[in-house]
Amino acid sequence: MGDRPVTNDFTGRGMHIIVCVKQVPNTANVRINPETNTLMREGVESIMNPFDEYALEEALRLKDAHGARVTAVTMGPPQADAVLREAMARGADDGVLLTDRAFAGADTLATSYVLAQAIKKVNAKPDLVLFGKQAIDGDTAQVGPGVSEFLGFPLVTYVKSLRIEGDTFRVATQTDEGVNVIEGRMPAVMTVVKEASTPRFATLSGWIAAKRAPISRWGAADVGAAAESCGLGGSPTKVVKIFAPPVKTGGIRMDGRKEPSVAIHAILKVLHEKGVA
Amino acid sequence: MAETPIHIDPSKCKGCKKCITACPFDALYMDGKLAVVKPDECRVCNACVKACPFKAISSRPAESAGTADLSAFKGVWVFAEQHGGKVREVAYELLSTGRRLADDRGCELAAVVLGQCVSDSVAHLIAAGADKVYVADQPELAEYEANVYTDALSQLIAKYKPEVVLAGATAIGRAFAAKVAVRERTGLTADCTALAIDRQTGLLHQTRPAFGGNIMATIMTPKHRPQMATVRPKVFKMSTPDPKRKGMALAEALTLVAPSTRIVKSSRNASTVNIAEAEVIVAGGRGIKKAENLELLRRLAELLGGVLGVSRACVDAGWISPAHQVGQTGKTVCPKLYLSFGISGAIQHLEGMRASDTVIAVNTDPNAPIFDVADLGIVGDLFEIAPLLIEALESRK
């Protein structure tokens, strides 16, 4: 692995915030081929997981307000460095790409383990580790909490707003019923929701700087990850079958443009059958 | 450098390309007349193994470390999340499914309640199907804190060794189930939409949507216990409670870690609609054209005893708060009735509402994808249909 170590000479620049980002296929454009039951991925571009943009934005806001070093970390194939460049173009200071064939086929446990190992190597005592609330390809929302467990850091999920004072934080989190205000002491792992803030755009000068910014490329050995705990072998869950979801072909169709009253009658009939009117 | 777990025997491969079409991840290519795996793309779903007519492809599942004595694990558990002593509905839905799994496997079904002053819930949980209810009733568990809850459930798992643990995919369940799974070094499958158990082996078949619902995957945890899964609210149906059912409550007194964070303020936002639990949703999309026009649908929702939902377009336009958004980046809903107006039906939106019992869609574009999931599709102008419908409903009152 081309190892360029992340230096820890950022002392005096305030906090160190690590943001974990993921490169995902833009699922809006993924379709299934009805004849072969396979994903048609032609022309599907890779993007930064949209929820991770909010986590990055929170980190950059703290950097603006308090001064901080922001490190973006991602695990993926070699081309996943694109999301690190994007993070740096928006204002992250450095990036770590975790890439190794040994990581392939990782489930959320093996992914959490490798990310936690890498975070420990970047900085054993970061102030904050931020995640988006979930990734749009897997939708599990499990990796942030998993990393908090491996690191032994407090966990706060669904953060809407975040304030720092000294080594304590005060956050508003979204619950199923409303809002909780939670206080605690850093370091902590947090997952951030979309309501938090509007992500900034990368500037032209940001892109230019990002082209030259340091990216460390680490494999399993570099982060001291036990081979048997990485990738498919380190994953307790196994995908045993993949299939197309049952397709609803649509029911009754009618044209309400010519005779709206017929359409209204049909709607009322369904409402009556369902017992709602 | 690890090898690819998928192995293609060059002596058996005839270059028929069946594996290439079978692969959902585009992870195989032809090198001359030989199929080759792209290790970075391969997710080891084994679709190619089954597709190969010449048995040239094999999968060598890597041995997982830390394989416990699986036979020591018995019983199906449901985490019964409660707030202020009241158990959430999703726990009852899980007990209904858990009962079926326990009967199929021939084992006990237990509910686990963590909290303070929660003993009233025991009778309800037994009526809903639990044979046993483990109750940790202590002040440290009064409010959810990730670390404390993880500690509590992990201690109980270590003590009783359940074979299966199910939790609701709520804000709390998702987060702390993931921590428990890591602490137990076991597998956790999120947002399952179907669960089945093998009577002999006890293997839990966990089916969930992947890639925004474009494909379904069945997942197993073959060598680790407990097998853990989360399920979103309203995915499974609750069964009718049987107050005559017999069961046993077991009080647990746990010594727990100190909380690492504390809740200083908790507010229930009265205006926040919970569209995820609504029985009737009237939803609007881009076709609604401006914020004021949403009042039309709000009135209709009111008449039907439902709530207002919207597609992402309305939220992005700033017409309404994200609390109303249905879809992948909003909420997943499964009402009895979903009545949509001016929503074309982007895949993310369909993913968020395809579990609805009945869908009625009104849209001007006859080719809108929403019609593919609609039980009743009306090609028409919502500004014509909606007012007529309101008029008809009002005249009936």
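How many residues of chain B are in contact with chain A, and with how many residues there? The answer is 94 residues of chain B against 85 residues of chain A, where contact requires C-beta atoms, placed from the backbone, to lie within 7 Å. By class, the chain B side of that contact has 52 nonpolar, 26 polar and 16 charged residues, with Ala, Val, Leu, Ile, Met, Phe, Trp, Tyr, Cys and Pro taken as nonpolar, Asp, Glu, Lys and Arg as charged, and the others, Gly among them, as polar.

A word on provenance: this is a predicted model, in which local features need pLDDT of at least 70 and side-chain atom pairs count only at pLDDT 80 or more, while totals for chains, interfaces and linings use all residues. Residues are numbered from 1 along each chain as its sequence is written, and chains are lettered from A and ligands numbered from 1 in the order in which they are written.

Both chains contribute to an open sheet of 10 strands with mixed pairing, ordered 13(A)-7(A)-6(A)-1(A)-8(A)-12(A)-9(A)-10(A)-11(A)-17(B); strands are DSSP runs of E, at least two residues, numbered from the N terminus, and two of them pair if DSSP finds at least two bridges. Strand 13 (215-218) of chain A and strand 17 (261-268) of chain B stand at the edges with a single partner strand each, so one side of each has no neighbour in the sheet.

Strand 15 (residues 252-255) of chain A also pairs with strand 22 (residues 376-379) of chain B, in the parallel sense over four bridges, and here A:I252 stands opposite B:L376.

Note on methods
Contact = placed C-beta atoms within 7 Å.
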